[in-house]
Structure formats: structure tokens, C-alpha cells
Amino acid sequence: MSPIQAIIRSCFVLVLALPSHYLPGQTSDNVYNMFGNPFVRNYSPKDYDGHAQTWQFAQDPLTGILYVGSSEGILQYDGNNWNKIRLPNRSIVRTIAFSADGKLYCGGSGEIGYLVPDPSGIMQYVSLTPLLDKNDRQTSDIWKVAIAEGNVFYQTHSELLVYTPESNSFQVIRTDSRFHHMFKIGNEMWLTEAGKGFVKYENGALLPVKVELEGTFDELLEWSADSVYLFTDRGMFLWSDGILSKMTGKLNRSILENPIRKVLRTRGDQILLAVGTSGIYQIDRNGNILSQITKEDGLQDLNIHSIFEDRQGMIWVSSNFGISRISWDIPIRKFDERNGLIDTVNDIIRFDGRLYVSTHTGLFMQDPEDPNKFTQIAKIGEAFALEIIEDQLWVSTVNGIFKIHESGLITKICSDYSYKFQQSVKDPDKVLIGTTQGLIVYDLGKDNFMSTKDLVPNNILYMNQDSLGNLWVGSADNQLFRVDYFNEGSLETPVVNHYFHENGLPNSHIQVNRIGNELIFSSEFGIYEEFQKGVFGESTRFPSLPTIVYFIYQASDRTVYVLYGEPPFMKIMALKNENGTFLRQVYPELLTVESPGIWVAFEDHDKSLWFGMTDGILNFKPNQYDLVSSQFLTNISSIKLNGDSVLAQNINTSFQLPPYTFGIANNSIRFEYSLISFESESENRFSYKLEGLDREWSGWSTENIREYVGLREGAYRFRVKSKNLFGQIGSESSFSFTITPPWFRSWWFVGFVVAAGLAILALVVRFFSTRKLIRRVEELELQQKVQTERERISRDLHDSVGTHFAYIISKLDYLYLGWTRDHIKDKKDYLGNISDFARSGMRMLRETIWALNQSEVETNSLRIKIADYLRLCFEHESCEYDFQFNTEINSVNSTIALNCFRIIQETVSNSLKYARAKKFTILFEIKANALFSLELRDNGIGFDIMKVSQSEGENYGLKNMKSRANEMGAVIQFNSDDEGTRITVIKNSP
């Protein structure tokens, strides 16, 4: 007997709901955290590059890849990559469903068919529309597809299209009213038809079934083979063991007055209802509301089209504005401003059966009547540490320390601004208090204080006691102290030890943590231990931890919880102790929690953990956590040749490809890969290796793309493996391929080319050897001619011009010395100037001959020439000079040597004549490749460069120096003012 037939027999009389312990299959072990707010992640159209409106989900039973029907086709998500698959007419896809043989059936507007992977793994659409008669092909939108009794059922508002794969044919059943819903119950298909109620498909026909229910029917949920829940606007009903019962749970008016769009049973045996525009409700099997998620809780849209649970227990929601993923049935819940908690949480404790939370705003208490609410209980100012001392709750605040009695009475103990305090483990009558001014000790028996403020600096942020009762203190100015009240010291005069960088500690805030009977010191530079008295170093027991660690907390089961990172991205990591080393990460969902700050941890009486954060508190129940991790696949999402052509998709252990062979033209290949797991996708890591090229596996990285460009011919095998957020290695996937060489690198062609090449090489060597010998002979002949011509010019200059100048000088000397005093004085001066000029010309001639007689001038010879010239110039002058000559080579081109010498002559001459300088400096540096720098400067009166340059017929000396610099391919610069003149000549390039 089917469930609906049983309903028909029993629905005329509604009986009282059975007690909850009679409900089939219900156990208290399946009740997860029902208070607080689950975590929601939204995927916007920008994330998946598609239409905002999404409809229905389906998950590949073999690979776990997620598919989503949308208004732009079908979306495919493998944990890293979103792909879009369109129907031929690009219509909307509202419904999808997998069959047992791996086909994804779908329907659009005027188009129905299925997706199936081709031999390369690429999903291909197969249209079934041609199987319909022409009059049936223009169907309206397909609203639901389901598979039962070996048939595929497509439902529109006016038709039921039944496809039988075995015969590859359709049956079309029309209604003269309207189909509203279609449900699969067991292996049967049921629909609701306007004006008729429930109808059932049987033997090719729809059989009407009269069902009398209270109110308007909305949704149906199959629970087991003999129990079904039905939802109307009058309430929730259960059919079980032939009895129809109305659930007594308090479904409020917001549910009953709005249509229930979708219903889902979770793996935790909770029921989720998508209700109108009220969001999603979580209810138990009696109809009691456990929690609700709305826009305020993170949903991006309340117009919900479907809800779906994947293999990992994640809840997926489709809507008009994208996709949401909810971590609902994992034992993590958050309380924040939505629950009445305001500001950053500093500490958490349970006192007198109630949970207390201190924040920057004050002290809050969880409402015992409504655990989802927190209320502020007292205006005591910004609150910090919480401790239970002598059956009273002590609170440190900016206004001092208060204690709260079980009766609710609040009394003030002191007025010092206090961060931390602890009851002494050595002497429980003493309370050790850290204030902004230092340490004080409160005596519980005597009700008085002992101040030791001057022994420890102010602003004490952290404190803890070791097994000997010593108090370890971390201050705001990055210092660490050990205060001994009971061993070497006393309460009146404690011994204080101060540790800093010289003791092996980092220069940062140092948090003092307790693990068992030991103290561990955490900082932004890692975790430190005291290896011997006063000697600290980095701990080796936490090899898997990141560097920046704020706080470490050990629970009663010895699990260590690490609060790490820095604002605004702090996280929680859970580690198990393995022989004294904390290696294995557990509870991966904790790693999905990310907060601007996570500052404190507290273990409750039920072994659940509370974490205080900048934006609320987090409750985690490890005893409700399933530590058995599901298997996951490493997926090669796509392989592309030459950057654009998709060769294959979705290669994993469930789908392998045979080896491929490519020509050399396809030697650039791109791999994209993923881990098919939807738990904190950003934490997944990958390692790859291309056998035939890479010698080692790559390091683990979040990068999920690897491209190889310009591969040579040969056999290759690409391998990739993945690692999830808590270190488990996924399955390995691989792809083998061979790149064939081009015809011109085949063995026969290479042999022919080698033989021909050797013959040609022999001819070329012989030819060029002959040519080289001929060129060498020609070069020697040319050099001989040049040298002969140089000697001839030198000889002609000396014999003709030199003799001429010598004759002029001798005659002028005779005339000048032979004149009497009666001769006119100005003529003597004139003839004296001629003599000087002629002598200068003779000297220049000799220097020219010296340069022309050689193609290369020894740098040492050049240095001597310049030094001799300077010595003669300054010998009878009152001006001092400094000559520095540095060289990296032994010889320099004669043109450079002569031109630099002439520039020095021109500059020295002008300086001595006009500058009235007291000191003259020459810095000459010759580098390799004929590169050099020459700097000449004096401290004379200088001259106006612009005025001289713009004067009529530009100054001959400046023009000559510029010409010589240009001839050498150098740059010359002039700088002159009333502090002196500097001339630089630089050649920086050959």
C-alpha cells in the first residue's frame, strides 16, 4: 500500500499527534546546535559569470561535481571552476536530475533532453525534442524533472511528458486544468492537479485520488517507506503506520500564512522549509521551530527556488539573486549583534548555570529562557577578564574589579583599571591582579591589598602561573616578566626576573599560554618555550602552525586550539597531540571561520568550546562532530591546447582518458584542476608534476592552473594531487600524451641533413680559410701603406713647416734683440708676440707628430706628456695644481690622446690668463673599450658661458674644445660661476 493510499483511508478524522518518542527514527543524537547563527557564503553572478536567477541543484553521484539550473543554462561547479552549459535555444533551465547511468536530464522552454560526457569528458547536450510530434515540440517551460519506474518525467503546467529510455520514445499526457506539483514517492510519481487534487501515474495514465486535508496543500516530504510529511496553510501532518496525525509543534503564523516553496530533510534529520519571503526555517519532526535564516543572517535573497544538501552536508540555496551555501548541520554557531552581543568579546565564562560574556561595552548574560538572546546586566564599563573566586563572579573593568554574587548583587573590590587577574595556585587566599599601573595582590581573608606596582611596568595584558606558582606577565610594551612571590621571594618583596631579546624572545607582544603543566609563549613571530631557566627559543612542537599566533588553548581532551593570523583575517586551528608534537589538524569547518579578531577560548561544562571574537562569540561542539572525512577527488577540470581549444574535461579516478598523441603544432598545453570539495575552497592546495620534463613534484600551492609552452617532442604524463584544508591528500589524477616531431626532425631527414651538412661544412671551411688568408694579406698591405703615409706626413711637416717656423723664430729673435731703446716700444711688443706664437706653433707641431706617428698611444706616455706640460705651465705661476691619472688599459687611440691633450692645453691656458685661480685640478680616467672621463676645474673668477657662447663669432677656444669632443664621440659640459670653472668630457659608450 502506498503512502497516499493510506492517507486516503485515514484522513477523514485527524487524531492527536503522537508523543515525540513515538516518531520513527528520531534520536537525540541527531540534534545539532539549534541556537545561534550558521555560517552563510554567497555566490553572486559575478562569481559564476552567469544570470542572477538560479533554480535547482543536482550533484554527480560519481564525482561530486555540482550542477545548477539557471536562467542562462546549466552551471557546473567543481570546487574551483564554474562552467556554463547552454541549451541549443539558450533557454532557461529550471529543473535538472541525475539518472543512475550518469545522465543529467534537464528541461527548458520548448527544449528537453539530457547532458552526458563525451569520450573526452566534455558534457554534451543530447536533445530529445525531435522525438516529440511537431505539435508537442513547442512545450511551455519545464518546471520539474524526476526519474522513477525507469521513466523520466517532465512536468509543465499543462503537460506531463514521460520519456522511456528503453524505447527512446515519449508519452504526452495533457490536463485541461493545471499541474502544480510533482513528487517522487518511493518509485512512484505523484502530481497535484488543479480541481482534482492528487493524481498518480500508473500504467500510462493519471489516476485521480481524493485526499481531504485541512487547508491548501503546499509541499510533501517523504521520510521513509511508510511515513510522509504533508504541509498546508493549516499546519504540518504526518502519515505513519496508516495514521494521519497533525504535528503539535508551534509553526508560527509567518510560516502558515506564507506558501512553503520547498522542503528538505537534512542528514541530521532536521527539516528545512523555504517559506514565502520569510527565509528558511529549521524545524524538528514535531513542527517546532529551531532556527531561522533571513537576509540579516546572510542570505542574499529571500525569493528562494530550491534548497539542496550536498554529500558533505552543505545546504545550497537558489534564488533570484544568486546562490547561497549554508553550513547548517555542522556543530558551529555564531552569536553576535543579532543576538544582543555588542562590541569586541574579551572573555567568556559560565557562572551559576548562565553564560557570561565581557565586551568593550560591558558584561552580558545569555538569557536562560531564550538562549539565542544576550542582555547587558550591569553598567560597569568596558569589561575584560572573568574568573569565579569563592563562588562569586569577578570581573575586571576600566573602573576596577567587581564581583557578582549568586543573588545578583554587585560589589566593587578596587578602582584600578585592570586587564587580568588570577587566584594564586600556590596560595588560594591571594588574588594576583594586573592593572595599568602594575601588579597588586588582594588578600581574600584580610580584605586588603598589597601593592607591588613599582616592580613591574604598567599595562599588563597577559598573565599565567607556572607549576611553582610563579606569575608570568606580558606587558603592552613587549616585555616578559616572571614574578616569584612564594619560592625565592615573598608577597611583600617578590623577586622579579625581566626577559627580553637577549634571552631569545622576539620583540613583540608575548601572550602567556598554558598547555597541561607547561607554559607556552605565543607571538607574531611564532611560539616560544623556556628550554632552561632564562633561556628561550622557538618551539619545535608545532611544525604545522603559521607564524603569527595570538593565543593557544588546550581543552580537557588535550586538543589544542590555536587562534592565529592578524586582523582582519584571524582563524582557528585545532590540533591533536601526537607523542608531544601537535601535528594533525582536525575539525576542518573551524578553519572556515574567519573574523577580524579572535581573542579568547573557553570550554563549557558540556565540553563545547566558546571563542570570543571581535564580532561576537562562536560555539563549537566537538562531541557532535563527525571526524570521518568523506573521500574527495582531484579533478583535472579542463585541458586546453594552444590556449583556447578544449581537449578534455573532468578527468579523475571515475573517468580516465587513454593516451593522446599531438603534432608539434600543439605543443602548448594548459591544465586547470580542482578538488571536488566545497569546504573552504580557498584553503585547498595542489601539487603537480609533468613526467618527461619535471624532475620533482611542485610545492603545495592554491594555484589551480599550470601551462606548459613550447614542449619538445616526446612522451609526457601530467600528474596532479590535492590536499584539503586540514591536510588530507586526495586522489591523484593524470593525463598521458605524446608530442610527435615535425617531418624535418624525423630520423631519416636528420641523417640526410647531417651528411649534407658535413659536406657543405667542408667546402665552407675551405672557402673561408682561403678568404681569411687573402683578407689578412690585404690588411697587412693596407697597414703598411698607412704607416708609410704617416711617416711621410710627419717627415714633410718637420722638414717644411718645422724648418719654416724655426727660421721665423731665429729672425724674429735677431730683430727683437738688435733693436735699440730708441725704437718704438709697441713694435717690440708686437714682434715679441709673434715670437711667442711661433714657439707655440712649433711645440704643437711636435705634439702632433708624436700622436700621428702611432695608431695607439701608451697611456703611461700620455700621462708623462700631460705631467711635463703642466709642470712647465705652472713652474713660475703662483697657482697650485693637482693632476690625477687612472687607467684600466695600457694604450689608447691616438686621436683620443691628442684631442684630450689639446683640451687640457686650452683649459690651462685660459685659466692662467683670465681666471686668477689659486688651484687647478685635472682628473683623467681611462676605462676599457676607449671609454674615459676627463674633468678640469679651477677656483678662479669664472666666466659667463651664455654670454661667451652668444658673442659674435663664438669664442674660438670653446668652439674648438666642442669640436674635439664631438670628434671623439664624447660629451663636453661647461659650468662656471664666481666660485670657479669646471669642464667635463665624458665618453660612456663605444
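Are tyrosine 43 and tryptophan 82 buried or exposed? Both residues are buried, where buried means under 20% relative accessible area, exposed over 50% and partly exposed in between, with a 1.4 Å probe and protein chains only.

The model is predicted: local features need pLDDT of at least 70, side-chain atom pairs count only at pLDDT 80 or more, and totals for chains, interfaces and linings use all residues. Residues are numbered from 1 along each chain as its sequence is written, and side-chain values use heavy atoms, with hydrogens and water left out. The mean pLDDT (the predictor's confidence in each residue, from 0 to 100) is 83, and 87% of the residues reach 70 or more. Residues 1–33 have pLDDT below 50, with 69 contacts in the model beyond near neighbours in sequence; contact means heavy atoms within 4.5 Å. Where pLDDT is low, predicted coordinates should not be read in detail.

The structure holds 59 aromatic pairs. Rings of Phe, Tyr and Trp (its six-membered ring) pair if their centres lie within 6.5 Å; planes under 30 degrees apart count as stacked, over 60 as edge-to-face and the rest as tilted. Tyrosine 43 and tryptophan 82 are edge-to-face because their ring centres are 5.6 Å apart and their planes stand at 65 degrees. Tyrosine 43 belongs to strand 1 (residues 39–43) and tryptophan 82 to strand 5 (residues 82–85), so the pair ties together parts 39 residues apart in sequence. Helices (H or I, at least four residues) and strands (E, at least two) are DSSP runs, numbered from the N terminus.

Tyrosine 673 and phenylalanine 686 are also edge-to-face, at 5.4 Å centre to centre and 65 degrees between planes. Tyrosine 673 is buried at 1% relative accessible area, and phenylalanine 686 is buried at 1%. Both belong to one aromatic cluster, whose members include Tyr660, Phe671 and Phe737.

Strand 66 pairs with strand 68 (residues 919–926) in the parallel sense over eight bridges, and glutamate 880 has lysine 919 in strand 68 as its bridge partner.

Methods:
Pairing = 2+ DSSP bridges.
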